[in-house]
Structures are given as C-alpha cells and as structure tokens.
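Hello,

Here is the structure I promised to pass on. Please open it first, then read my notes below.

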Amino acid sequence: MTENTKTGNNTWRPATTLVHGGTMRSPFGETSEALYLTQGFVYSDAEAAEARFNGEDPGYVYSRYANPTVSMFEDRLKALEGAEAARGTASGMAAVTLALMAAVKAGDHVIAAKALFGSCRYICETLLPRFGVESTLVDGTDIAQWKAAVRPNTRALFLESPTNPTLEIIDIAAVAEIAKEAGARLIVDNVFATPMYQSPLQLGADVVVYSATKHIDGQGRCLGGVVLSDEEWITEEVMPFVKHTGPHMSPFSAWVLLKGLETLPIRVARQSESAAQIADFLAGKPKVKQLIYPGRDDHPQADVARRQMRGGSTMLALEIEGGKEAAFRFTNALEIVRISNNLGDAKSLITHPATTTHQSIGEEARAELGINDGILRLSVGLEDPQDLLEDVEKALNAV
Ligand SMILES: *Cc1c(COP(=O)(O)O)cnc(C)c1O
C-alpha cells in the first residue's frame, strides 16, 4: 500500500467521504479501488507469518478474517456513519444475525419492535429462543411498551425505522434511553432511512446494521451487509464471530458496493424527490384510501420523522380502495414500475406485502401491523419522475 486515504479526515462532508473515504492504493496508484480477489496472503519469511498471527503485525491473514477491498468498504461507511468500527457481511441478514448473536447469550432477553423485516422477525421470534434467548415483541411506536418489556436480563433492543412496509417511525432517541437504563445494546436496522437521512449512532443507538443489498448497491447486483459500532465490541464480540463462523463479505461484493457508495447521495436524493412527488400526487385521490410517506406532514409520526431524519424516503406505502383485487389491478397496469420484493433500486419496484413478503406471518400478525390486502409498497427509482407519475396515474385509472 502506498497511499491510504483513511478515515482520518473528519472535516469532509458526506459526499466527499463517500467518494474518497477508506481508499487504499496499491503501488500501481490505481484511480478506482482495487479488487483483491484472493483467499489468502503470503509472508516473506516464517518470522513474518508468526508476527502476523500473534498480532504484532496487523496485516492480512485470510479473507474470512479480513480483506483489503472489504476493509475499504468498511472504512468508507464507518467514516460516513461516524462509527469507530465496522464489519462487512455476506448479506443484510448475516449482519442482523451477527449483531444479535454477538449481543446475547443463553439466559438473556431481547426486545424488538413488531414491525420488522420478515427474516429479522424470524430471528427474534424463532431462532433466538431456540438457543435460550427469550424475546418480547412490542409496538415500536409506543414507548411505554418498550419500557414495560424491560427485564433484568434484557441485553438487546432491536428496531427498524421507517418500518417495512408501512413506514412507521420509531423514536430512536427515546428507545436508546431505555436501552441505556437497562444496560442493553440498541441495534437499529437503518435500511429504509439510508445513512444519508438518518444517523442512529448520533441518536444514541449502540449498533447500526445495513442490508447493503438495498440503497448502497442500489443497482440490483449483489447482496451485502454491515455492522457498525464501537471499537471494543466489534473487536471483542463481532470480529471473533465472523472469523470463526464465516458470514464475511466477499471482496467482489465489497468492490461493487464501494462503487455504490460513491453515488449513494445523488441516488437517494433523486429517488426521494421523485417519491415525494408521487406521494403528493396520490394523496387525497378518491381511489387511494391511505397514503403513507415519512416526508409529509400527514404522516402519523411526522414530528418524530422531522426530529430524527434529514429527508423523506425513497419508499412510500399506499392503500388502494377495493382490497386485493384493486391492488392487483393497479400493480398489473403499471408499465415502468416493475413487480418485485426488492427495494432501494435504480428501477422502481412495487410489492403487495400481504401476498408476498408478509404472506407467511399470517393474517392476524398482518392485521396488527396494518398490512391489509389493499396495501402496496412502492420503492421509487431513478427513472424520469414525469414518466413515473404518468405510469402511476394510468394504473390508478385502471382500478
Ligand atoms: C432487505 C432487508 C434486510 C435483509 O437484507 P438482505 O441483504 O436481503 O439479507 C434486513 N432488513 C431490512 C429492513 C431489509 O429491507
């Protein structure tokens, strides 16, 4: 390595950090970050190998432990988030599992908001209890429920905000206070807000996790995830877990995601602007029973959103009058917006949660989360906003 644009320059604004942060250049002086597609590393002599293994020399050993391309990705995101340390993972779910498993042991207790991404809910409700970790699910927007759920053995609180798919906003600072009092770690899944619009660590959270699959890639190519927190916890709990169980990020994915970070601010800004326009267009239309957008004053938690978010969202939720049949007719009439369960992509994507992402949780759980058969989730992409508006208008006319 000849040049190392580490995270040291903390006077850079986010867009600059996302282009230059974490860059390590090889002796060739390449402009774009190098892709170190290697499993392992060689040592000049036996003494060098010994020093590498006993920690005297901090260099690389094996790509399950660490890899230079993955380090660049971690350092860039760490600088943006204002975190001391970060670990890249193979997917968002690997990041969530890692964060929770590193925070608890048998006999501990976890509190999580009910409105969770399906697989996150599986981990809290089904997987953790199998290993002797009990969990309580609460209505995340009701701070009293978090407080009431705390037990002497509560070690982790987990939430996402805005939530999937109904875009509820949870007061992160208020939940962080409860976590602090309980001596528990607050883990925030920040996928929907993106690092551009919400900084949970600054709001008092202890850990931030991302599915980098979503806005960070933003172009539908590869899966990835990351856990960000303080140096001590990452070194002592997260790092050994990754090292010995292997949910690490591949160098190839890290390289794709590094390029994604460079364009993240302009993509999120443009997608959110278009989402706001579509939300304003749909609000109050007779066929639209409900329109949920975190950037609008009529959002149920608009005051919390203003307090903790720096922008609206690339996502909106709408309820079409007429239940499943009407929602399907609207969805099928769209030409530019594609039907998919993914989000944060350059391509606008629409999902009917009740029959796809939230099918398996059952009707009762769906009702509790406000996911009725007319609800659709729209992830707004990078297309011309006028084309998107025309597409949505045509589909609404077809209902
Ligand atoms: C997609 C998503 C995940 C899981 O990420 P993968 O990269 O698909 O494993 C976790 N949480 C939220 C909020 C998500 O949207």
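**Around the ligand**

The ligand is surrounded by 13 residues, and the closest are G92, D189, S211, T213 and K214. Please keep in mind that this is a predicted model.

By class, the shell around the ligand holds five nonpolar residues, five polar ones and three charged ones.

G92 takes part through its backbone, where an N or O atom lies 2.8 Å from an oxygen atom of the ligand.

How much of the ligand does the protein bury? On its own, the ligand exposes 380 Å². The protein buries 92% of that.

Where does the ligand sit? Its place is the second largest pocket.

**Aromatic pairs**

I also looked at the rings. Across the whole structure, four aromatic pairs turn up. One of them joins Y62 and Y65. Their ring centres are 6.1 Å apart. The planes of the two rings meet at 85°, so this pair is edge-to-face; the cut-off for that label is over 60 degrees.

Are these two tyrosines buried or exposed, or something in between? Y62 has 37% relative accessibility, so it counts as partly exposed. Y65 has 22%, and it also counts as partly exposed. Buried would mean under 20%, and exposed over 50%.

That covers the ligand and the rings.

Best wishes

Notes: Residues numbered from 1 in each chain as written. Predicted model: local features only at pLDDT ≥ 70, side-chain atom pairs only at ≥ 80, totals over all residues. Heavy atoms only, no water. Near = heavy atom within 4 Å. Polar contact = N/O pair within 3.5 Å; in protein donor to acceptor, adjacent residues only side chain to side chain. Areas by Shrake-Rupley, 256 points an atom, 1.4 Å probe, with all protein chains shown as cover. 1 Å grid on protein atoms, 1.4 Å probe; cavity = no way out; pocket = protein on both sides within 12 Å on 5 of 7 lines; lining within 4 Å. Sits in = over half its atoms within 2 Å of the grid points. Nonpolar A, V, L, I, M, F, W, Y, C, P; charged D, E, K, R; others polar. Phe/Tyr/Trp six-rings, centres within 6.5 Å; stacked < 30°, edge-to-face > 60°. Buried < 20%, exposed > 50% of the residue type's maximum accessible area, 1.4 Å probe, protein only.
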